[in-house]
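Notebook open, structure loaded. I want to go through the metal site, the ring pairs and the surface, in that order.

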Amino acid sequence: MKCKNFHKKMIFYIDGELTAPENSVIDQHLKTCNDCSLLFSELKSCYKLIENKETLKPNPFLYTRIKQNIENIEQALSLKELKPVYMRIIQPVLIACLLVTGISFGILLGNSYDNTPQKNKSIASTNEFYMNDFQSEELEINLLNE
Amino acid sequence: MTDNELIDGILSGNEKYFKELVDNYQALVLNTCNSFLHDKSNAEDIAQEVFIEVYLSLHKFKKESKLSTWLYRISVNKSLNYIRDNKKRKFVRSIEDLFKIENTSKTQVVDNINQNNNTEDDHEEKLQLLHQVISGLQENQRIAFTLSKFENLSYKQISEIMDLSLLSVEGLIHRAKMNVQKKILSFFKKTN
Ligand SMILES: [Zn+2]
């Protein structure tokens, strides 16, 4: 057997994949060729380490961790699903409510303004100013979010 | 309880069936991930991700194939994805390290050389070489070889996991072995 042929078959020899006649030819070559025998033992010492692979035992907390992660993901997903509903239904309803209360507030304040005695007029008008300001700000935020 | 009963149980919303699935398959998933990652804590992290994916996409699983085949496939994909992402991170880090070279002390280098003299480190070095050689294989060769040699799966099982013909798997493993041999020997030739 030529050394070159031997080199081609070494790893399959280690894995026991050769036929009986092939094996005996290799055995013979190993006994007679020093270089190949050295090369072979180097290859084998490294390649055989695959068989030393340790089998890991699962972490006892694995399931708890998986469950925790899934809960977090599901929570994030349900929030995402809620968002479009909020945008499409809740937000317009909220704006409408604010508009209605704003208008009725305005009417109410307008009526009370008429009925307010002269000396309280300035206080009433500052109140009115703050309240209207607050409402328009809320509306702006809602419109921005849309 | 059969796998199909477990799957039906999980899909009907019963949590205890999912726990049973994890119990049944956690060793398979963990060790498959470890065969690619060679690192226990990374393998645990990826095994976790595998089961999360299983839970979230179980409704898409076709029952005509085996559950274990599907689990192997997700484990392989997730592990290789992790390695790919990690390579990118390492590349960035190695650039950062270029600017820190002067911080490595000379004594550390001498220590490393001295350590290489004992057999335990020789063993460790060879193991590193082996892992490096396998990770340098073309991806399909790497998957087929790893499942065959580390997980001891049959060519038929591997062909199902990789969705390839038996003949292709045989070819991949044959070429993988030739390459592994070539790379190991070229390393020894260089060092001697
Ligand atoms: Zn020879």
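Predicted model: local features only at pLDDT ≥ 70, side-chain atom pairs only at ≥ 80, totals over all residues.

I looked up Cys3(A) first: it is partly exposed, with a relative accessible area of 32%.

Next I checked what holds the zinc ion. I found Cys3(A) (SG), His29(A) (NE2), Cys33(A) (SG) and Cys36(A) (SG) coordinating the zinc ion at 2.1 to 2.4 Å. The 4 donor atoms subtend angles of 103 to 113°, so the arrangement is tetrahedral. For reference, the ideal angle for four tetrahedral donors is 109.5 degrees. Cys3(A) sits in helix 1 (residues 3-14) of chain A, and Cys33(A) in the loop between helix 2 (20-32) and helix 3 (34-47), so the pair ties together parts 30 residues apart in sequence. I also noted that Cys33(A) is buried, at 13% relative accessible area.

Then I ran the rings: the whole structure gives 7 aromatic pairs over all chains. In one of them, Tyr63(A) and Phe18(B) have ring centres 6.0 Å apart and planes at 50°, so I logged the pair as tilted. This pair crosses between chains, from helix 4 of chain A to helix 2 (residues 15-37) of chain B. Both Tyr63(A) and Phe18(B) are buried. Phe187(B) and Phe188(B) have centres 5.8 Å apart and planes at 70°, so that pair is edge-to-face. Phe187(B) is partly exposed at 27%, while Phe188(B) is buried at 8%. I also saw Phe6(A), Tyr13(A) and Phe40(A) linked into a cluster by ring pairs.

Last, the surface. Ile89(A), Ile90(A), Val93(A) and Leu94(A) make a nonpolar patch with about 330 Å² of accessible area together. Ile89(A) lies in helix 4 (residues 62-115) of chain A and is exposed, at 51%.

Technical notes. Residues numbered from 1 in each chain as written. Chains lettered and ligands numbered in written order. Heavy atoms only, no water. Patch = residues over 30% accessible without salt bridge, like charges linked within 9 Å, V, L, I, M, F, W, Y side chains within 5 Å. Areas by Shrake-Rupley, 256 points an atom, 1.4 Å probe, with all protein chains shown as cover. Salt bridge = Lys/Arg side-chain N within 4 Å of Asp/Glu carboxyl O. Helix = DSSP H or I, 4+ residues; strand = E, 2+ residues; numbered from the N terminus. Buried < 20%, exposed > 50% of the residue type's maximum accessible area, 1.4 Å probe, protein only. Donors = N, O, S within 2.8 Å, 3.2 Å for Na, K, Ca; no water. Tetrahedral: all angles 85-135°; square planar, octahedral: opposite > 155°, others 65-115°. Phe/Tyr/Trp six-rings, centres within 6.5 Å; stacked < 30°, edge-to-face > 60°.
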